[in-house]
Structures are given as structure tokens and as C-alpha cells.
Amino acid sequence: MRNDRPSGLRPGGQAVDARGAAKEVVRRMGLEEQVRAVCTRTAGAYAVDADGKVLETFRADADGGDGYIAEIEVLRGDLSRVLYDDTRGDVAYVFGDRIAELTQDADGVDVTLARGGRRRFDLVIGADGLHSELRSMVFGPRERFVRHLGMVLAFFTVPDGFGLDGWARDHNDAGRSAGLRPLPDPTRAIAMLSFPSSAFNIDHRDIETQKRLLREQMAGFGWETARILEHLDDAPDFYLDQVAQVVMDHWHLGRVGLLGDAAFSASPMSGAGSGLALVGAYLLAGELAAAGWAPEAGFTRYEERMRDYVAANQEIGRMHVQMLTSAEPAPEPDMESLTALIERAVGGPELPDYDGVADSRLDRHPDS
Ligand SMILES: Cc1cc2nc3c(=O)[nH]c(=O)nc-3n(C[C@H](O)[C@H](O)[C@H](O)COP(=O)(O)OP(=O)(O)OC[C@H]3O[C@@H](n4cnc5c(N)ncnc54)[C@H](O)[C@@H]3O)c2cc1C
């Protein structure tokens with residue numbers, strides 16, 4: 001059986017953000033200082049035309065640090081490292097393995113791991129991303145839940161010979177976009193490229209086809225695109241995928257729950273995926289503990305608390321894709337409803353204070 005799971009934490013990756021409610025969750029986890037220590041320190045972003053002329057400036061310190069470029073912006077790998085370091089003493093991490101089979105009954109979940117181990121758990125939570133295998137195993141095939149938004153997005157690390165000086169750059173034109181993000185290591189930058197595509201069915205392992213598609217689709221696009229593409233063959237971390245959302249009626253079935261992109265991806269174009277995952281994790285843990293670990297009650301309260309927050313961020317994700325891929329200039333937005341939408345998407349749900357709730361059964365399951 002295939003087993004290509006990484007054998008440790010993956011460093012680097014895209015820059016992700018914590019705004020509003022997610023910032024509060026980071027604070028309540030007691031990790032604000034650690035997270036701030038690994039922030040990318042991006043000063044802001046310039047929207048540029050095909051010749052690099054600045055059309056608009058977005059500062060990271062605008063909107064209370066919760067704007068287009070968030071004040072708390074970290075590489076996904078750095079955020080994983082902070083969370084891992086904080087929990088490794090209490091949590092048993094298993095790298096390089098995956099769930100091969102799962103069956104549940106009223107009292108627990110039996111799991112067979114691909115490497116052959118068998119375990120029984122009270123609950124299983126799938127936080128295995130957009131293409132979640134656990135979701136397919138328990139809830140149904142991916143086609144039922146993954147909504148392609150009509151756009152393909154690629155990113156990879158390039159040498160920063162572009163003079164970014166701490167500032168991101170974005171160039172959008174007629175449905176395509178190219179951007180550069182500065183990194184804490186000033187000799188490197190992240191390139192992000194996107195183009196419209198009504199369908200997407202390239203295998204995620206077929207990197208050569210993905211790179212060919214990217215070259216074809218971005219040919220002739222202005223600004224620094226040709227120079228960025230010169231680094232494609234040497235990219236250490238090439239990624240290309242459809243821009244998609246996950247839409248599900250329920251994020252739990254019996255004793256199995258879903259969290260993060262696996263349950264409710266709002267797409268990279270929402271700029272909120274890591275925030276949704278952090279806030280979701282806080283509410284899921286809190287509501288399960290508050291329900292005395294009764295799965296139905298805990299999962300249901302978590303879903304109720306998260307629904308509107310997810311809906312608002314998914315709407316922003318779809319609007320952003322629509323804005324980028326539409327050949328027509330976007331109509332003037334209704335500012336009042338847009339402001340209300342952003343408030344729901346950033347402010348997020350009420351975050352109960354779960355202090356005092358008995359929150360751990362580690363004493364009953366020292367090996368889980
Ligand atoms: C190009 C790009 C740009 C983005 N930009 C932003 C941004 O600016 N701001 C933002 O907030 N978010 C952004 N996101 C989204 C953000 O990365 C995700 O929403 C967030 O990482 C979701 O976290 P997660 O833990 O749910 O899933 P993931 O981060 O996808 O993590 C899933 C984990 O599960 C593991 N896994 C997968 N399958 C299995 C399996 N079968 N068994 C065991 N483990 C498995 C994977 O190795 C991975 O470690 C972007 C995403 C991309 C791709």
C-alpha cells in the first residue's frame with residue numbers, strides 16, 4: 001500500500017496569517033510571543049502594473065494588523081514548528097504513517113495504520129487538508145465535497161533578485177496573476193502565480209505536466225513573470241493545485257470529526273485558511289471537553305459555533321477568485337455589506353472561555 005507521508009515536520013511552505021479571532025486563539029494558547037518571533041515581517045504589498053509601476057499600497061500595520069497583508073504572517077512550516085514544540089511533551093506524534101482502515105462502533109474507533117499498527121481511540125479527528133483521505137474514507141468521495149473555483153494556483157521559492165526589500169508585489173491582469181512575497185531570509189522569495197481554468201484533473205504527483213501547464217498559461221504575462229519562471233526547474237518546493245473549497249453539511253459522523261481544510265477549506269484566496277483551522281481547533285477541543293467528551297453534543301456545538309465564520313470566509317474566497325478571473329471590471333461593491341462580511345470573516349465566532357472545563361483524558365489514555 002502506498003505510504004508517502006512525510007517523515008517529519010515540513011519546513012517552509014506558503015505564508016499563512018492569523019487575524020482577529022485567530023490572533024485571540026494564538027494568545028489564549030500562550031503562543032503569541034513564539035508566533036511573533038517567527039513572523040515574516042512583511043511590511044506590506046504593492047499592487048503593480050505590467051511595468052512594475054505601483055498602483056496601490058497595502059500596509060501590514062493598516063486595519064489593526066488584520067488587513068490584506070496581516071501583521072501576523074508566518075510560514076506554514078514555522079507555525080507547525082511552534083505548535084509542535086508546544087505540544088510534543090503531551091502528545092504522541094507519529095510521522096510517516098497514515099490511516100489505512102477505520103471502523104467505528106458506539107464506544108470507539110478502530111484504526112489500522114498503513115505500517116500495520118492497530119489502535120482503538122475514543123475519537124478520530126481528520127485534519128489532513130483539502131484532499132483529506134479520512135474524509136473520503138468516512139464521509140464519501142472528494143467530488144461530493146470539493147468545489148473547484150475555476151482557478152489554478154502555483155507557488156515556489158525563488159532567489160530574491162527582485163529587490164523586494166520586505167514588500168510583497170502583486171500583478172493582476174485579465175484573469176491571471178503573478179506575485180512575490182518576501183521571506184525572513186532576504187536572499188529568497190516566494191513566487192505565486194495563478195490563472196483561470198474551468199477544470200483541473202492533473203495528478204498531484206505529475207510535477208512535469210504541472211510545470212508545463214504553468215509555463216503555457218503564464219506565457220506572455222507581463223511584469224517579472226518571465227524571470228520568475230526561469231527558476232521553475234530549480235524550485236525546491238514547487239506546488240500547483242486547483243483553488244477549491246470544501247462544502248459539507250456535517251463535519252462529524254459518529255466518533256469521527258473533521259477540522260481545517262479537510263472540513264471547510266475556504267481556499268487560499270480567502271487568506272483565512274490557517275485562521276479557520278486554529279479557531280476550529282480551539283472550539284472543537286473546548287466544546288468536546290465541555291460536553292464531557294460526548295461526541296454528538298461536542299461536535300454539534302463546534303459546528304454551530306463555526307458555521308457562520310466559515311460561510312463568511314468562503315464567500316470572501318469566492319469573491320476574490322471572481323474578481324481575479326473575471327475579464328470584466330468588477331462592479332462597485334456595496335460597501336456596507338462588504339464591511340459587514342469582513343467583520344464576520346475576521347472577527348469570527350464568540351470564543352467561550354473554557355477555563356475550568358476538565359479538558360484532558362490523558363490520564364486514561366497515556367499511550368494515545
Ligand atoms: C498557495 C497557498 C497559499 C495560501 N495562502 C494562505 C494565506 O495567505 N493565509 C492563510 O491563512 N492560509 C493560506 N493558505 C491556506 C492554508 O495553508 C490552509 O488553509 C491551512 O494550512 C489549513 O490547515 P490544515 O491543518 O487544515 O491543513 P494542511 O495545512 O493542509 O495540513 C494537512 C496536514 O495533513 C497531512 N496529511 C495529509 N494527508 C494525510 C494522511 N492521509 N494521513 C496523515 N497525514 C496527512 C499533510 O501532510 C499536512 O501536514 C494557502 C494555501 C496555499 C496552498
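Start with the shell around the ligand: by class, 10 of its residues are nonpolar, seven polar and seven charged (nonpolar means Ala, Val, Leu, Ile, Met, Phe, Trp, Tyr, Cys and Pro; charged means Asp, Glu, Lys and Arg; the others, Gly among them, are polar). Before you click on, note that this is a predicted model, where local features need pLDDT of at least 70 and side-chain atom pairs count only at pLDDT 80 or more, while totals for chains, interfaces and linings use all residues. Residue numbers run from 1 along each chain as its sequence is written.

Now select Asp128, Gly129, Gly260, Pro268 and Gly273, which come nearest of the 24 residues around the ligand (near: C-beta, placed from the backbone, within 6 Å). Elements giving two or more residues to this shell are β1 (15-17), β9 (146-159), α7 (261-264) and α8 (273-290); helices are DSSP runs of H or I, at least four residues, and strands of E, at least two, numbered from the N terminus.

Next, highlight α8, which gives the most to the shell, with four residues. Bring up α9 (residues 295-325) too: the two axes come within 8 Å and cross at roughly 160° (axes are lines fitted to C-alpha atoms over the stretch in contact, with angles from 0 to 180 degrees between N-to-C directions). That makes α8 roughly antiparallel to α9, a label for angles over 145 degrees. Zoom in on the contact (C-beta atoms, placed from the backbone, within 7 Å): α8 brings residues including Leu276 and Leu283, and α9 residues including Tyr302 and Met306.

Terms used:
Parallel < 35°, antiparallel > 145°, perpendicular 65-115°, else oblique. Contact = placed C-beta atoms within 7 Å.
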